[in-house]
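Please look at the sequence and the structure before reading on.

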Amino acid sequence: MGSLKIENVKKAFGPVEVLKGIDLEVTDGEFVVFVGPSGCGKSTLLRVIAGLEDSTSGRVVIDGADVSATPPAKRGIAMVFQTYALYPHLTVKNNMGLGLKQAGTPAAEIDRRIGIASSMLSLEPYLERWPAELSGGQRQRVAIGRAVVREPKLFLFDEPLSNLDAALRVNTRLEIAQLHRRLKATMIYVTHDQVEAMTLADKIVVLNAGRIEQIGGPMELYNSPANEFVAGFIGSPK
Ligand code: ADP
Ligand code: MG
């Protein structure tokens, strides 16, 4: 299970309101992509969902339960960042298992989950290596693997391909799509790349200056943009 409901979420940093009332429903197993220009509030919205940032008002509901006051580690969420955020002093295997170890998961269960995730992501040859020995694409796969082993209800990806070169972006995008099919997990994915949005999304959420401009399937937005902003973002190749 991994349904999400966001109700009138607002977030201000001091006097600046960055999220101006976001309402959104994500059904279990859906792949939802947030798109919008730099600074429109995509990362802030992900961080509010993850609990890394408190909203100023509104509610975040996961599987019917209000988690607005639930700490990040207890929300059943795993997040993948643009910068991978691996620990340089831990091997690939220990990077993947650290969160589970901290949560008190038995070692045999940690090993079992790392075995499955590393096979899905073709990481078996690298388990005893250090992050510094890996390419950017491999590091991002480790970060994705670290999310997978936690068996979250909800995966959050914040521009996970932005630091990769063009060929790796395509490969890693396909791997994420395959992961979604295999795990049937709910995924929320932030990008400013039109191709990523169109190819990955069941549903695209177009954000602009802290508000949602339109929500719809890729072809729906492409064929029937609600306004010029959406047309400019989805319609024109960049
Ligand atoms: P996006 O991910 O869409 O590029 P962000 O959510 O990172 O946008 O940022 C939205 C706005 O909120 C930006 O103007 C940014 O400067 C501001 N912002 C984000 N985090 C903070 C923070 N911790 N303190 C103050 N302002 C912030
Ligand atoms: Mg961002």
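## The sheet

Six strands make up an open sheet of mixed pairing, ordered β6-β7-β8-β3-β9-β10. Because β6 (77–80) and β10 (211–216) lie at the edges with a single partner strand each, one side of each has no neighbour in the sheet. From one strand to the next, the twist averages 20°, where axes are lines fitted to C-alpha atoms and angles run from 0 to 180 degrees between N-to-C directions. Strands count as paired if DSSP finds at least two bridges between them. β9 (residues 203–208) pairs with β10 in the antiparallel sense over five bridges, and I204 stands opposite G216 in β10.

The model is predicted: local features need pLDDT of at least 70 and side-chain atom pairs count only at pLDDT 80 or more, while totals for chains, interfaces and linings use all residues. Residues are numbered from 1 along each chain as its sequence is written, and chains are lettered from A and ligands numbered from 1 in the order in which they are written.

## The whole protein

The protein has eight helices and 10 strands; these are DSSP runs numbered from the N terminus, helices (H or I) of at least four residues and strands (E) of at least two. Its radius of gyration is 18 Å, close to the 18 Å given by the globule rule for 238 residues, so the protein is as compact as a globular protein of that length. This radius is taken over C-alpha atoms, and the rule is 2.2 Å times the number of residues to the power 0.38. The C-alpha trace spans about 50 × 40 × 30 Å along its principal axes.

## Two residues with positive phi

Neither of the residues below is a glycine.

## Around the ligand

Which helix gives the most to the shell around ligand 1? Helix α1 (residues 42–50) does, with three residues. The shell, with C-beta atoms within 6 Å of the ligand, includes F13, V18 and K42.
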